[in-house]
Amino acid sequence: MKIDIVSIFPSFFDVLDISLLGKARQNGMINLAVHDLRDFAHDRHRTVDDTPYGGGAGMVMKPEPWGEALDRILGREEPSAADAAGAGSQPRPLVIFPSPAGEVFNQEMARTLAQEDHLVFGCGRYEGIDQRVVDYAADQARVRLVSLGDYVLNGGEVATMAMIEAIGRLIPGVVGNPESLTEESHEDGLLEYPSYTKPSSWRGYDVPPVLLSGNHGAVHSWRHEQRVERTRRVRPDLLSVVLDADAATPESE
Ligand code: 6GU
């Protein structure tokens, strides 16, 4: 997967060199490039923002540097071998603008985005990006505004980092053991069960005996109960989705 990031703080993304995603970049499974928006601003102060038309607090990111950055990233699209052979089915890059005004990111969206060939993240700062940048991008590529949740960050950088981590680990081959992807929170609508390792007793806290029993059926049932109980306690909104889905599934006879 190719990933381009546009930001006025490119060094934010230095940490993508390390850990799982760093390895995926070294292997060539993820081809990630970070672009400094100020490289596309040509005045003496490399200005990227200005006051909002219509008044109001804060500053808005100017369209011109964004237009040049998008042209550079989207214009370089070389037709893939499949496209050249007439089999093109993944025609255009997907441009994501992290925004608290976007659709809310979740595991299902991460799964969908992990199928893309080319993601472009446009990180806004200040009060946002001139809307015409989004409109222009939508004429050149597919565009989604995506929010991490119902709270406000200072810019799109941290949101982009979170999304890349969630998406990157779902790209086949990036996580060593694919089984570790199936039994975790949000993969099937339930939160994950609590985990324990050695020693079996630590500072007076004991590992639940069923996990030491060697009874795989009992372990499986206990873990499922823990997942349901935990989800009921902290995320009842998720549980109602699971129960609705069960209710909607016809009983087999
Ligand atoms: Cl994607 N951006 C910003 N600036 N704030 C957010 C967000 C994104 N998601 C939640 N809050």
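Y196 is partly exposed, as 14 other C-beta atoms lie within 10 Å of its own. On the scale used here, 20 or more such atoms within 10 Å make a residue buried, 12 or fewer make it exposed, and anything in between is partly exposed, with C-beta atoms placed from the backbone. The model is a predicted one, where local features need pLDDT of at least 70, side-chain atom pairs count only at pLDDT 80 or more, and totals for chains, interfaces and linings use all residues. Numbering starts from 1 along each chain, as its sequence is written.

Y196 sits in the loop between α6 (157–168) and β8 (201–202). Leaving aside neighbours within four places in sequence, Y196 is in contact with V207 and L211; contact here requires C-beta atoms, placed from the backbone, within 7 Å. From F13, Y196 is 183 residues away in sequence and 33 Å away in space, C-alpha to C-alpha.

Zooming out, the protein chain has 8 helices and 9 strands, taken as DSSP runs (H or I, at least four residues, for helices; E, at least two, for strands) and numbered from the N terminus. Of its 253 residues, 23% are buried. Among contacts with a separation of 6 or more, 75% link residues 24 or more positions apart. The domain assignment gives domain 1 (2–77 + 90–169) and domain 2 (183–247), with bounds that come from an automatic or database assignment. The C-alpha centres of domain 1 and domain 2 are 36 Å apart.

Now for strand β6 (residues 118–122): 4 of its 5 residues are buried, so β6 is largely enclosed by the rest of the structure. Strand β1 (residues 2–7) runs parallel to β6, joined by 5 bridges, and K2 stands opposite H118. Pairing takes at least two DSSP bridges between two strands. β5 also runs parallel to β6, with 3 bridges, and V95 has V120 as its bridge partner in β6. Between β5 and β6 the chain passes through helix α4 (residues 107–113), in a right-handed β-α-β crossover; that means a clockwise path from the first strand over the helix to the second, with the strands pointing away from the viewer.

β5 turns up again at the ligand. The ligand is surrounded by 13 residues, the closest being P98, P100, L148, L153 and A159; a residue counts as near if its C-beta atom, placed from the backbone, lies within 6 Å. β5 (94–104) and β7 (142–147) are the elements giving two or more residues to this shell, and β5 gives the most, with 3.

Notes:
Two residues are in contact if their C-beta atoms, placed from the backbone, lie within 7 Å.
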